[in-house]
Amino acid sequence: FERMRDMVRTQLFREVKDIHTDVFSKLSLEASGFVNWENCRQTLQRIRHRLHPPCKNLKEMEMLLEKEEGPVFQQYGRLHDERIYVGSVDDIMMFANFTLIRNLPTLVELFVDGTFRILPFKARQLLVFLAELKGRPRPIFYGIMESAQIPDYEAVFRYFGEYILGAQRA
């Protein structure tokens, strides 16, 4: 169980269930009865939750991201060594993967998907822009919105067109 707890603390981008499955598969039949998923689930998920407590709202997350330090910035404001948080416009948080954007071909097929259930805090909409690169969709830009009104969508699309694609063309 200690090994699972350490893995949950250090392997932040792996699902807790996957970590349990890895460890569980290597246990003896006798030991596996004590660390089945139902016995471990709540404890492991509580450990993960304490490492990354959710922000209450977009303003709190924006404030923590602007500091460019701490666990919130490390978890949500960076991708590898590159800053992906680009700022907020009209209460909409914007994130961009400039490594992928810089390498976009001249002609590229773009897709947009909206979802709301995976946000680490209360917000209405996560708008994800994807580009097809080497036959696979890759997320290149995100907008997190407090409301899902037409002006919010327009602001995200305008920012993406002017600042993200405009910068890529320059």
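In which strand does Val86 lie? And what can you tell me about the largest cavity?

Modeller: Happy to! Keep in mind that this is a predicted model, where local features need pLDDT of at least 70 and side-chain atom pairs count only at pLDDT 80 or more, while totals for chains, interfaces and linings use all residues. Residues are numbered from 1 along each chain as its sequence is written, and side-chain values use heavy atoms, with hydrogens and water left out.

Val86 belongs to strand 3, residues 85–89. Strands (E, at least two residues) and helices (H or I, at least four) are DSSP runs numbered from the N terminus. With a relative accessible area of 26%, Val86 is partly exposed, because that label covers values between buried (under 20%) and exposed (over 50%), using a 1.4 Å probe and protein chains only. Leaving aside residues up to four places away in sequence, Val86 touches Met94, Phe95, Ala96, Phe98 and Tyr159; contact means heavy atoms within 4.5 Å. Phe141 is 55 residues from Val86 in sequence, yet their C-alpha atoms are 10.0 Å apart in space.

Now to the cavity. On a 1 Å grid over the protein atoms alone, a cavity is a set of points where a 1.4 Å probe fits but cannot get out, and lining residues have an atom within 4 Å of a point. The largest cavity holds about 40 Å³ of space, a volume being the space filled by probe spheres set on the points, which are joined across faces, edges and corners. Its lining includes Ser88 and Asp91. Helix 5 gives the largest share of that lining, three residues.

Key: 1 Å grid on protein atoms, 1.4 Å probe; cavity = no way out; pocket = protein on both sides within 12 Å on 5 of 7 lines; lining within 4 Å.
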